[in-house]
Amino acid sequence: TSLLKGLLEKYNIDFCIANGENTADGKGIEEPQVKQLFELGVHVITGGNHTFDRWDMRKVYTSFKHLLRPLNFPHGTAGIGYTVYELKSGVKVGVINLQGRTYMQPIEDPFRTVDWALSKINEQTRIAFIDFHAEATAEKMAFGWYVDGRASVVVGTHTHTPTADARILPRATAYITDVGMTGPYDSVLGMKKDLAIKRFLTQTPHKYETASNDIRLCGVIAQVEVETGKC
């Protein structure tokens, strides 16, 4: 939290998106963390497969216009999966949150879902950021190619490990397979090392406890052309 505001100012960032699905002690997100992220300068919060790990979050997901959960969750799920944010400058920015299906819950098709969401966003703006929360690298890459030229930026989340393939695809869509984890790197994906090791040694569950050392912030910065939405 101490890093983010300074980075936003240093790099003159107009718009900030944060995936917040692990902010409540590693599992889900609760109202205090939602408010804290917005106060820090985050404009839109996205989610993923841990979005509803806190069972009482359903009411929170109906309270914030720019708090997203994956759009391709089943019909009737609390909350929304895309939003259009209007900055003080008048520029409108679309954000879509989607979840993959390979090695994850069998939910709606993210590829066909994004077609619909982009058509709705393009009624207001050409700028569209997508958080694609998925396990499989191949699914993320296929998705990036699928929306190349139709989205401004596709950022993969979920695996907690930053990938070295950040690039701009031929039709001017920025892509990275995974943006990585913000949190304690003296850990196993944010979990205390000894507990994580016990889980693998015993093949039995152990209570998740968040580690606290070697805190790092991971992210990407993209420059997008307002008129065209190209990165």
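Strands here are DSSP runs of E with at least two residues, and they are numbered from the N terminus. With that in hand, welcome to this predicted model!

**Residue Q223**
- You can find Q223 in the segment that follows strand β10, which spans 215–216.
- Is Q223 buried or exposed? Q223 counts as exposed because its relative accessible area is 71%, and exposed means over 50%.
- Leaving aside residues up to four places away in sequence, Q223 touches K230 and C231.
- Between Q223 and E9 there are 15 Å in space, C-alpha to C-alpha, while the two are 214 residues apart in sequence.

**Helices α3 and α4**
- Helix α3 covers residues 110–121 and helix α4 covers residues 137–147; they pack at an angle of about 30°, and their axes are 11 Å apart.
- The crossing that α3 and α4 make is right-handed.
- Which residues make the contact? From α3 come P110, F111, V114, D115 and L118, and from α4 come E139, A142, F143, Y146 and V147.
- Sorted by class, this contact of α3 with α4 has eight nonpolar residues and two charged ones, with no polar residues.

**The second largest pocket**
- The second largest pocket holds about 320 Å³ of space.
- How many residues line the second largest pocket? There are 17, and H50, H160, L189, R199 and Y208 are the ones that lie nearest its centre.

Technical notes:
Residues numbered from 1 in each chain as written. Predicted model: local features only at pLDDT ≥ 70, side-chain atom pairs only at ≥ 80, totals over all residues. Heavy atoms only, no water. 1 Å grid on protein atoms, 1.4 Å probe; cavity = no way out; pocket = protein on both sides within 12 Å on 5 of 7 lines; lining within 4 Å. Points joined across faces, edges and corners; volume = space filled by probe spheres on them. Helix = DSSP H or I, 4+ residues; strand = E, 2+ residues; numbered from the N terminus. Buried < 20%, exposed > 50% of the residue type's maximum accessible area, 1.4 Å probe, protein only. Contact = heavy atoms within 4.5 Å. Axes fitted to C-alpha atoms, helices over the stretch in contact; angles between N-to-C directions. Left-handed = near helix turned anticlockwise from the far one by under 90°. Nonpolar A, V, L, I, M, F, W, Y, C, P; charged D, E, K, R; others polar.
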